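Have the structure open and follow along.

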Amino acid sequence: MNPEPLTDLSRLCIHTITTKPWNIEEVAEKYSAAGVKGVTVWRNTLEGRNIPETGRLLRNSGLDAVSLCRGGFFPSTDRKKRQEAIDENRRAIDEAFRLGTGLIVLVCGADPAQPLEVSREQIYEGISAVLPDAGAAGVKLAIEPLHPMFADTRSAINTIGQANEMAEKISSPWVGVAVDVYHLWWDPDLEKGIERCGRNNNLLAFHISDWKSPTVDLLNDRGLMGEGCIPLRKIRSWVEKAGFNGFIEVEIFSDIYWKQDQDEFLKKVTEAYLKYA
Ligand code: ZN
């Protein structure tokens, strides 16, 4: 049975990429004024900023810094590049710590020049290498499985089952899974996978948007909740049954919406959240 609609915005988090034209100061002001309670910060918005000060700005605006997006991209046929990725992830962990968030989302990466199994082995090695840093900073790492259309370069982890396996293999309190409906809605094993994720205390984040039909761009044509074919409320019921009651994060990459008036768009986001999430 589907859960009740959300009656307020107390669990609403928005990814800064959703309103890409806004800088982090505009995000703090506009999200706060709209009654949004959480923000997932994409690293590009921190460039040139004093990070602890930015964290304070968000908190003083009533916004919880839910996570930092993103780390990962571990695999490469080139050993030097794998080491650079590990170093970059250490910098991301440091940024998360200074911003005051306890979570980084990992887009784990893939290299089309090698088999997916090899990329997954390198993801395991990469995450393992940065685990001590994550633990020392008190920052958790959420493995986000990506839709298989991104298996060539963005992620060799494409299902909730593979993400669960990776998290269980690493078996650390600092590593878990991010469930993003855009990537996972089609999977017949999703309900079971979410249940297993919760049972192992690995369910760290929940991202929403919608799958438009037709989709004109595989990366940047995500829909607002209610615009597509994802059974959002049903998936939310699985996530909540698995024990997750954290933020519901709106993450929409859209060339169409980025061109529109962002104040109007933000209004649409909060309306669609209450109506369809
Ligand atoms: Zn996501």
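Start at Pro214, which sits in the loop between strand S7 (203–208) and H8. Helices here are DSSP runs of H or I with at least four residues, strands are runs of E with at least two, and both are numbered from the N terminus. The peptide bond leading from Ser213 into Pro214 is cis, with omega near 0°. Before going on, a word on ground rules: this is a predicted model, in which local features need pLDDT of at least 70 and side-chain atom pairs count only at pLDDT 80 or more, while totals for chains, interfaces and linings use all residues. Residues are numbered from 1 along each chain as its sequence is written, and side-chain values use heavy atoms, with hydrogens and water left out.

Where else does a cis peptide bond turn up? Look at the step from Cys69 to Arg70, where omega is near 5°. Arg70 belongs to strand S3 (residues 64–72), and we'll come back to that residue. Most residues other than glycine have a negative phi, and most peptide bonds are trans.

Now for the helices. Two packed helices are described by the angle between their axes and the distance between the axes. The axes are lines fitted to C-alpha atoms, for helices over the stretch in contact, and angles run from 0 to 180 degrees between N-to-C directions. Take helix H5 (residues 160–170) and helix H7 (residues 190–199): their axes come within 9 Å and cross at roughly 20°. H5 and H7 are therefore roughly parallel to each other (angles under 35 degrees count as roughly parallel, over 145 as roughly antiparallel, 65 to 115 as roughly perpendicular and the rest as oblique). The crossing of this pair, H5 and H7, is left-handed (the near helix is turned anticlockwise from the far one by less than a right angle; clockwise would be right-handed). On the H5 side, the contact (heavy atoms within 4.5 Å) uses Ile160, Gly161, Asn164, Glu165 and Glu168, and H7 brings Leu190, Gly193, Ile194, Arg196 and Cys197.

H7 also packs against helix H8 (residues 232–241), with axes that come within 8 Å and cross at roughly 25°. H7 and H8 are therefore roughly parallel to each other too, but the crossing of H7 with H8 is right-handed. Here Leu190, Glu191 and Ile194 of H7 touch Ile235, Trp238, Val239 and Lys241 of H8.

For another angle, go to helix H2 (residues 51–60) and helix H3 (residues 79–99), which pack at about 45° with their axes 7 Å apart. That makes H2 oblique to H3. Ile51, Pro52, Thr54, Gly55, Leu58 and Arg59 in H2 meet Glu95, Arg98 and Leu99 in H3.

A cavity is a set of points on a 1 Å grid over the protein atoms alone where a 1.4 Å probe fits but cannot get out, and lining residues have an atom within 4 Å of a point. The count comes to 1 cavity of 30 Å³ or more. The largest cavity has a volume of about 100 Å³, taken as the space filled by probe spheres set on the points, with grid points joined across faces, edges and corners. Of its 13 lining residues, the closest to the centre are Arg70, Val107, His183, Arg222 and Phe253.

Conventions
1 Å grid on protein atoms, 1.4 Å probe; cavity = no way out; pocket = protein on both sides within 12 Å on 5 of 7 lines; lining within 4 Å.
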